[in-house]
Amino acid sequence: MVKSEDPSIVVGDAAASKKAAKKAAKTAEKQQKKAEHKASSAQPSTESEPDFSEGLYGNMKMIQSSGEHRDRVYTDVENLSIKMDGQTVWVRARLQTSRAKGKQCFAVLRQTSSTVQLLVSVNEQRKISKQMVKFTGNITRESIVDVEASVVRTAAPVESCTIKDVELVAHQIWTVSSARSQLPLQIEDAARPEKSDEPEALKIRVNQDTRLDNRVLDLRTPANQAVFRIEAGVCRLFRDILTKKGFVEIHTPKIISAASEGGANVFTVSYFKSSAYLAQSPQLYKQMAIAADFDKVFTVGAVFRAEDSNTHRHLTEFVGLDLEMSFKQHYHEVLDTIGGTFTEMFRGLRDQFASEIATVGQQYRVEPFKFLDPPLKLEFPQAVQMLKEAGVSVGDEDDLSTPDEKLLGRLVRAKYDTDFYILDKYPLAVRPFYTMPDPGNPKYSNSYDMFMRGEEILSGAQRIHDPDLLAERARLHGVDTSKIAAYIESFRLGCPPHAGGGIGLERVVMLYLGLDNIRKTSMFPRDPKRVTP
Amino acid sequence: MMYVMKRIVDHDDKIELPKCMYHIKNPIDLTEEDEICLKINEKVLKFIKGPNNKMTELETRQDELLNKLEILYERIKTISSQCKLDNMSANIQSSNASKVESVITPEEVVLVLSPDSLPWYLNIILKKSNLPIHTTCHVHSSVPSEKLAKIKAFTQKLKTSENPKVNLRLIFKAAADSELKLSALSTPILGNVNILRYLSLAYPTIIPYDHNDHIVDNLLDICHVLERTSEKNKEAVVNRLFAHYKTWIYGDKFSVVDLAAYNLIKQWRNTPKFVSKVWFDKCEKLCS
């Protein structure tokens, strides 16, 4: 729309106001021409025949649950098929695009990930008038419409829709909720594949910030619908697999009085007259639940990390899936349980969400996820040896840096052809104070990390359950024992040996699908620069 | 003059015409550059030849070190000759074997196999090797669930030992040609026959392989072809393979060719009539 601004006349600036006046004159001319054109085009419709499809189309009255049409049965777009050829159905879907030309209007209706073609053509017998066709052409994109139509087999398959073998021929069309005419982004652009094979294809893409600012629109694309359904699947599989193994779900508090992992990265909240912190991890509470005789627990909840990291894989708030388990003799009992849970989860995703994974693959082309059963377990010295062969030297008591981890991931993939592996026996010096040292070699610890596609997803260990050893390790690490007195005290009441670990839901989905940014798998992501929507 | 104007274009500048048509460099002249070069050369020579204390110190130290090395060398020579006299008789064989085995014993070996190509030759190695081998088996995500039972039946019978010197990992992957990987960076050994060639180098006493006999290599190549040939041609190829057959496929001793052929024929569901049952049973006994 051309906006005409009144030129502000500054005394003495004759040249400027002359230009502004010229501009104003031009815009006024344009507007006048537009009005004339509209008037002339509006005239034929008022002169045309009476509208015989009255009562079959229009804007529906706002649905306030007044009780009308409760007997109407709606069909889902994904269920439309050749078997329904000839039947009349009611469909509620979004109008994705419409194209009107004279006596016909082609539209595409979309419901979650399925699209179908809708045809509205002037027909006296079926009482479809020109005005109805025009109305359909004028419905704004992304409006929700109710359509009564007959399912008709198409002569040639419709390539641009997911339902290819049938189309809908409309009898009635009503707008349930219209969208505004200028949308901040087009769903077609947001859903366009990242890399297209055809040289003629349009190159318009929507940038990530625009997507996140208009998340409601962006989430409607088929790829995003699939991603979040897969995320829901991961959470459900995690719960189901662990519950079958005898785990109990618990919910731990998120407002805590002292930082658990390390003092620096906590959010502070004002808590009545003093302050409290948002939980960095449910670590302490999981262990207290084990000491409280719950044996095997898991928890799904929000985790808050105040790290000022603006990277592709960090968020300030994410969903953590944590588990803790007591064992009889060796912490490998827990390690094998966690590894087995992952393998079952990957298998469940591969079998139950194959179509969603394919939908994501259409927009973001990615290789399928490979894994071994039982999962590959390597020891830290072995990994150091593999890196040494490749020319990267890592000290005996050093942690692996991110590039080291990525290189190791590629080496493991080349040798064992797996995207998921476990690295056991990390050096003690780089682990938190509550990690149990290795009995055979004091430089190493009973701790492990798990990697997907070369990036770390889980960090876990056998925890120290002896209060004296725990206090000594805390002192060695320079942790103030007075602040964790309650934590140490809980071990003085008898605690079984236990181990566990935690994963980030968004990171696991991102790495399973092979996406490049964690904001793609978080519905409303939070990072140091984003707090809305 | 009516109007006096400033001169815009000046044509009065003097144009210098060249006096010399072609200018050539004087070939005889000793130019200044060479003189500078000479001066630097002199300085460098002075520097090198001059009395330099640090250099001489280094030289003397080097000489001393060389003398010490010579003394050490003499000592080692005497010690080794003494050792040789002690151990000569008893340990020739084991030293040979351990020499070979210590040359090719990587800590972790990965063997990628298709579930349709199970490694029956492993049994004979696991039975007879004097280095303890620890085997772990993994199933890749690409394997369909129908093949799992077959893989499980095979892996349950594999022997594995604790306190191993060598870790062997078997990865069963769908539609894969057999691969033996020793490290992530080196090229893998492809094909069962080639893997057997490598294994016979690592275990020469268990799997005899005469490198110099070209007929053996020819027979091994026939095995390789047999693995990839269609059903129709199998009989013809097998007949070629058994052309020299008496008690064993080649010669009168068990060799790598027998092992390769047995491993391949065992994958087939039914041993066909054109394969000698006597020979097959003999191999089966060795490898179970």
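Reader: How many residue pairs are in polar contact across the interface of domain 1 of chain B and domain 2 of chain B?

Author: The model is a predicted one. The domain assignment of chain B places domain 1 at 100-202 and domain 2 at 214-286. Across the interface of these two domains, with both residues at pLDDT 80 or more, the residue pairs in polar contact number seven.

Reader: Which elements of chain B give two or more residues to the side of domain 1 that touches domain 2?

Author: That side of domain 1 divides into three polar, five charged and seven nonpolar residues. The elements giving two or more residues to it are α4 (121-128) and α6 (192-202) of chain B.

Reader: What is the distance between the closest N and O atoms of Asp217(B) and Arg197(B)?

Author: The rule finds three salt bridges across the interface of domain 1 of chain B and domain 2 of chain B. A salt bridge requires such atoms to lie within 4 Å. Asp217(B) and Arg197(B) form a salt bridge, and their closest N and O atoms are separated by 3.2 Å.

Reader: Which residues of domain 1 of chain B lose the most area to domain 2 of chain B?

Author: Between the two domains of chain B about 1400 Å² is buried, with 55% coming from carbon and sulfur atoms. On the side of domain 1, three residues together account for 41% of what is buried there; they are Trp120(B), Val193(B) and Arg197(B).

Reader: How many residues of domain 2 of chain B are in contact with domain 1 of chain B?

Author: The centres of the two domains, taken over C-alpha atoms, are 21 Å apart. Domain 1 of chain B contributes 15 residues to the contact, and domain 2 of chain B contributes 17.

Definitions and conventions: Residues are numbered from 1 along each chain as its sequence is written. Chains are lettered from A and ligands numbered from 1 in the order in which they are written. This is a predicted model: local features need pLDDT of at least 70, side-chain atom pairs count only at pLDDT 80 or more; totals for chains, interfaces and linings use all residues. Side-chain values use heavy atoms; hydrogens and water are left out. Domain bounds come from an automatic or database domain assignment. Contact means heavy atoms within 4.5 Å. Buried area is the accessible area (1.4 Å probe) that two parts lose on being put together, summed over both. A salt bridge is a side-chain nitrogen of Lys or Arg within 4 Å of a carboxyl oxygen of Asp or Glu. A polar contact is a pair of N or O atoms within 3.5 Å; within protein, one must be able to donate a hydrogen and the other to accept it, and residues adjacent in sequence count only if both atoms are side-chain atoms. Helices (H or I, at least four residues) and strands (E, at least two) are DSSP runs, numbered from the N terminus. Ala, Val, Leu, Ile, Met, Phe, Trp, Tyr, Cys and Pro count as nonpolar, Asp, Glu, Lys and Arg as charged, and the others, Gly among them, as polar.
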